[in-house]
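I opened a new structure today and kept notes as I went. Here is what I looked up, in the order I looked.

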Amino acid sequence: MRLKCKVVVQPATSNFKQKAAQGFIAVGKAAGSSSKDETASFELLVTTAKNKTGSKFNLSKSNVLMIHDRFVGDGKLTIQMKQPRSDIFISEGNVGALTSFVKTVRSILSGGCVAPLSRTQACTSSDFQPRKSQLIVTQRENYPHEGFPKTLEDLRLNGINIKRVDGRWFSLRQLTQLDLSNNVLGEAADFAKFTDVSRLISLQSLNLARNHLHHLPLSFWRSLPASLNRLDLSGNELERIPSELCRLVKLVHLALNDNHLIELPEELGLLNGLQALNVSHNRLRHLPATIFWLSSKQMKLFDATANHPDLFARSTDISPPAADGGVASLLELAAAVVKTQGMSTSVLPWDVRRYLMTSISRCAWCRKYRAPSSMYTVQSVCNLSRKFSTITTQNQQGTFVQCIGSLCSRLCRDYV
Ligand SMILES: [Zn+2]
């Protein structure tokens with residue numbers, strides 16, 4: 001198993017910090033052991049263009065000091081070896097490939113069963129020749145019907161009237177960008193196959209703008225890789241966005257403009273890494289009050305231009321709690337404890353997290369958790385420019401918009 005990455009071997013005895021170079025790290029059976037040998041010893045081999053024969057390290061429990069894999073999600077890994085005493089720094093690795101690399105190394109160290117590995121091999125000059133990592137197709141006759149290069153990281157198929165989902169897109173494990181904008185996937189009879197996008201665990205950017213999409217099933221939203229930081233669904237005919245969108249907490253750019261959206265999911269405020277949010281040219285009558293949880297420092301573009309006139313109305317409407325002073329259910333109390341104490345729910349399946357989330361409401365002002373039956377529902381005018389200097393609404397009243405949210409008490413209600 002060989003992984004392309006930036007790599008440097010830093011001897012512990014050297015104070016001189018060496019620079020990482022483009023190269024490979026391989027794990028496999030050590031030279032001299034037969035590939036059928038059950039008791040074969042394993043090794044790590046680090047090769048770069050300058051050092052093609054590479055540096056070898058015996059891979060055994062007694063020779064590995066530590067594996068630092070906290071930042072595998074960022075393509076980084078550090079392995080500390082005892083003999084010779086050195087640190088192997090890996091960066092810019094493909095997240096999917098690096099994850100399975102760590103898994104293989106760990107299973108060798110624990111003596112567990114490992115997938116059949118061949119012997120490690122030194123690299124050759126051809127390994128350093130550029131591989132096809134980007135493919136842009138804008139003419140129908142150029143569609144690669146025979147297949148896609150496996151090394152693709154950036155695939156763009158634009159404006160070529162694609163009406164069918166090609167399952168081969170989702171076998172490109174190194175893909176970080178998939179741009180299918182300006183097609184007609186909304187008319188694809190086999191659109192259900194798009195859920196295979198979940199196989200692209202390194203995908204960072206997905207563009208489905210202008211594709212005649214009018215309804216996206218829950219299975220679609222649930223299949224979107226958690227690694228996504230850019231999602232463009234603009235120029236479609238979407239009316240609703242489910243709360244499953246807010247599972248994508250790494251999102252930085254979210255484009256939902258030019259759709260038919262009536263409302264946004266209440267949990268939108270959970271996407272606190274957002275730097276650009278475009279919800280312009282929809283039919284929004286209000287925004288969820290949780291948008292005030294988004295980071296004002298990070299937000300560089302927030303566009304709510306051209307929505308329903310009600311979005312810019314100056315009225316206030318307060319619905320009192322269903323059970324003012326009533327008793328919360330056991331489930332509501334349990335959910336409040338889990339949430340208030342900040343217990344980690346990241347290991348729970350999304351469905352259980354959503355269950356916890358929907359059995360409890362959070363005050364849009366003080367952010368305390370309370371039983372939904374004891375909350376006030378308030379729709380009121382909020383001045384977005386007080387929070388976001390980057391807001392664009394282009395209406396005569398300035399940056400005042402209607403926000404809807406739940407508030408826990410009369411005290412919080414009076415702040416609105
Ligand atoms: Zn409150």
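Before I get to strand partners, a working definition: I call two strands paired if DSSP finds at least two bridges between them. Strands themselves are DSSP runs of E, at least two residues long, numbered from the N terminus. I also keep in mind that this is a predicted model.

**Entry: strand β9**

I began with β9, using that definition. β9 and strand β10 (residues 177-179) are joined by 3 bridges and run parallel. I looked up R156 and found its bridge partner in β10, which is D179. On to strand β8 (residues 134-137): 4 bridges tie it to β9, and this pair is parallel. Here Q134 has D154 as its bridge partner in β9.

**Entry: the whole chain**

Then I stepped back. I count 5 helices and 22 strands in the protein chain. Its C-alpha trace spans about 80 × 55 × 40 Å along the principal axes. Of the 416 residues, 33% are buried. I also checked contacts between residues at least 6 apart in sequence, and 54% of them join residues at least 24 apart.

The domain assignment gives me domain 1 (2-13 + 21-31 + 41-123) and domain 2 (134-311 + 390-395). Taken over C-alpha atoms, their centres are 36 Å apart.

**Entry: an open sheet**

Next I traced a sheet. It is open and has 7 strands, in the order β4-β3-β2-β1-β7-β6-β5, with antiparallel pairing. β4 (55-59) and β5 (64-68) are at the edges with a single partner strand each, so one side of each has no neighbour in the sheet. From one strand to the next, the twist averages 30°.

I zoomed in on strand β1 (residues 2-11) and strand β7 (residues 86-91), an antiparallel pair joined by 6 bridges. P11 has S86 as its bridge partner in β7.

**Entry: nonpolar cores**

Which residues have the most contacts inside the largest nonpolar core? My list reads L233, L254, V401 and L407, in a core of 65 residues. The elements giving two or more residues to this core are β9 (154-157), β13 (253-255), β20 (376-383) and β22 (400-407). β22 supplies the largest share, 4 residues. Apart from this core I noted another one, of 24 residues, including V7, V27, V46 and I90. A background note to myself: in soluble globular proteins, nonpolar side chains tend to be buried together.

**Entry: V105**

I picked V105, which sits in helix α1 (residues 95-109). Is this residue buried or exposed? V105 is buried, because 22 other C-beta atoms lie within 10 Å and 20 or more is the cut-off. Setting aside neighbours within four places in sequence, V105 is in contact with V27, L59 and I67. V105 and G28 are 77 residues apart along the chain, yet their C-alpha atoms are separated by 9.4 Å.

**Entry: Q298**

Now a loop residue: Q298 lies between β15 (287-288) and β16 (301-303). I find 13 other C-beta atoms within 10 Å, so Q298 is partly exposed. Not counting residues up to four places away in sequence, Q298 touches G273, L274 and Q275.

Where is P84? I found P84 in the loop between β6 (77-81) and β7. The peptide bond leading from Q83 to P84 is cis, with omega near -10°.

I also looked up two positive phi values in residues other than glycine. E92 has phi near 55° and sits in the loop between β7 and α1. R210 has phi near 50° and lies in the loop between β11 (205-207) and α2 (218-223). E92 counts as partly exposed, with 14 C-beta neighbours inside 10 Å. R210 has 21 such neighbours inside 10 Å, so I put it down as buried.

Technical notes. Residues numbered from 1 in each chain as written. Predicted model: local features only at pLDDT ≥ 70, side-chain atom pairs only at ≥ 80, totals over all residues. Axes fitted to C-alpha atoms, helices over the stretch in contact; angles between N-to-C directions. Buried ≥ 20, exposed ≤ 12 C-beta atoms within 10 Å, placed from the backbone. Contact = placed C-beta atoms within 7 Å. Core = buried A, V, L, I, M, F, W, Y, C linked by C-beta atoms within 7 Å. Domains from an automatic or database assignment.
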